[in-house]
Amino acid sequence: MLTISPIPAFNDNYIWHLQRGGEHWVVDPGDAAPVVEALDGKPLDGILITHHHADHTGGIAALCKRYDCPVYGPGSIDGVTHPIAAGDSLSVLGMPTEVIDVPGHTLDHLALLLREPAEGSGAHIHLFCGDTLFAAGCGRLFEGTPAQMYASLGKLSALPPETRVYCAHEYTLANLKFAAAAEPGNNAVHNRIAEVEALRADNRPSLPSTVGEELATNPFLRCHVPAVARRAAECAGKENSDEVEVFASLRRWKDNF
Ligand SMILES: [Zn+2]
């Protein structure tokens, strides 16, 4: 049985904590102290890293010193002991895990797809996507181009709709407010705002999301929808000739929202 729980860190980061068969792994430990506290005396067996930003990597050194565990991630990052790249398959807590490259937020950004065996021949699919896909939003373009990010989001949105999406920040409510501005006629967005407001009022995480929920409410995955393209053009003050331009206009608008 796999359990996945968020360890809150800094203002709004989540370090995802995976437990199965007595093993413990974490994803993107930006800080060691909250991980040590969550482990409550149990050893850490492995670390997964999606990209080089400090709020995702800052805890690696202290955790490795304390637990001497392997670190899987982009090879250019200090402390990574097992470099991984697009197309690699690895075993995480005994589960097959696929590496997908998703450049855009950063150029080194990877996403990890875990397949948890389920009843019969099925699997529950868990996506750890760092700062690429957020609930109702996407990461800022610090290093990549809009075309790179749009292609990366396309890879993630093509996953089965029931795929669970574990983003690295609690940005959902602010993202949904932007989604409502980008597509005022989308009732799924308004319903989701009510759901997430209730969760947050209770201090509960709005995550994981699912790919299906994102397809219905995330404006950055809805650049093909005429109403979204129209609003993006109004805000940009120019027509956009394709979905990548719609995406770029939305992203610029969100940067200043
Ligand atoms: Zn980042």
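This is a predicted model: local features need pLDDT of at least 70, side-chain atom pairs count only at pLDDT 80 or more; totals for chains, interfaces and linings use all residues.
Q: Okay, how many residues does helix 6 have?
A: Helix 6 has 15, residues 187–201, and from first C-alpha to last it reaches 21 Å. That is close to the expected 21 Å, a span taken as 1.5 Å times one less than the number of residues.

Q: What caps its N-terminal end?
A: Asparagine 186 does, with a side-chain oxygen 2.9 Å from the backbone nitrogen of alanine 188. A polar contact here is a pair of N or O atoms within 3.5 Å; within protein, one must be able to donate a hydrogen and the other to accept it, and residues adjacent in sequence count only if both atoms are side-chain atoms.

Q: And which residues of helix 6 are buried?
A: Val189, Arg192, Ile193 and Val196. Buried means under 20% relative accessible area, exposed over 50%, and partly exposed in between (1.4 Å probe, protein chains only).

Q: Where do those buried residues fall around the axis of helix 6?
A: They fall within an arc of 110°, so they line one face of the helix. The arc uses directions from the helix axis to the C-beta atoms. On the other side, Asn187 and Ala201 are exposed.

Q: What covers the buried residues of helix 6?
A: The cover includes helix 5 (172–182), strand 14 (209–210) and helix 7 (211–217).

Q: Let me zoom in. What does valine 196 touch?
A: Valine 196 has a relative accessible area of 4%. Leaving out residues up to four places away in sequence, it touches Thr172, Leu173, Leu176 and Ser206, where contact means heavy atoms within 4.5 Å.

Q: How many residues of helix 5 are buried?
A: Eight of its 11, so helix 5 is largely enclosed by the rest of the structure. Among the buried ones are Thr172, Asn175, Leu176 and Phe178.

Q: New topic! What coordinates the zinc ion?
A: His51 (NE2), His53 (ND1), His105 (NE2) and Asp131 (OD), at 2.2 to 2.3 Å. Donors are N, O and S atoms within 2.8 Å of the metal (3.2 Å for Na, K and Ca); water is not among the atoms, so sites may look incomplete.

Q: Where do histidine 53 and histidine 105 lie?
A: Histidine 53 lies in the loop between strand 4 (46–48) and helix 2 (54–57), and histidine 105 in the loop between strand 8 (95–101) and strand 9 (110–117), so the pair ties together parts that are 52 residues apart in sequence. Both histidines are buried.

Q: Last one: which residues of helix 3 are buried?
A: Ile60, Leu63, Cys64 and Tyr67. They cover an arc of only 100° around the axis, which puts them on the same side of helix 3. The face turned away from that buried side carries the exposed Ala61, Lys65 and Arg66. Aspartate 68 then follows helix 3, with a positive phi near 50°.

Definitions and conventions: Residues are numbered from 1 along each chain as its sequence is written. Side-chain values use heavy atoms; hydrogens and water are left out. Helices (H or I, at least four residues) and strands (E, at least two) are DSSP runs, numbered from the N terminus.
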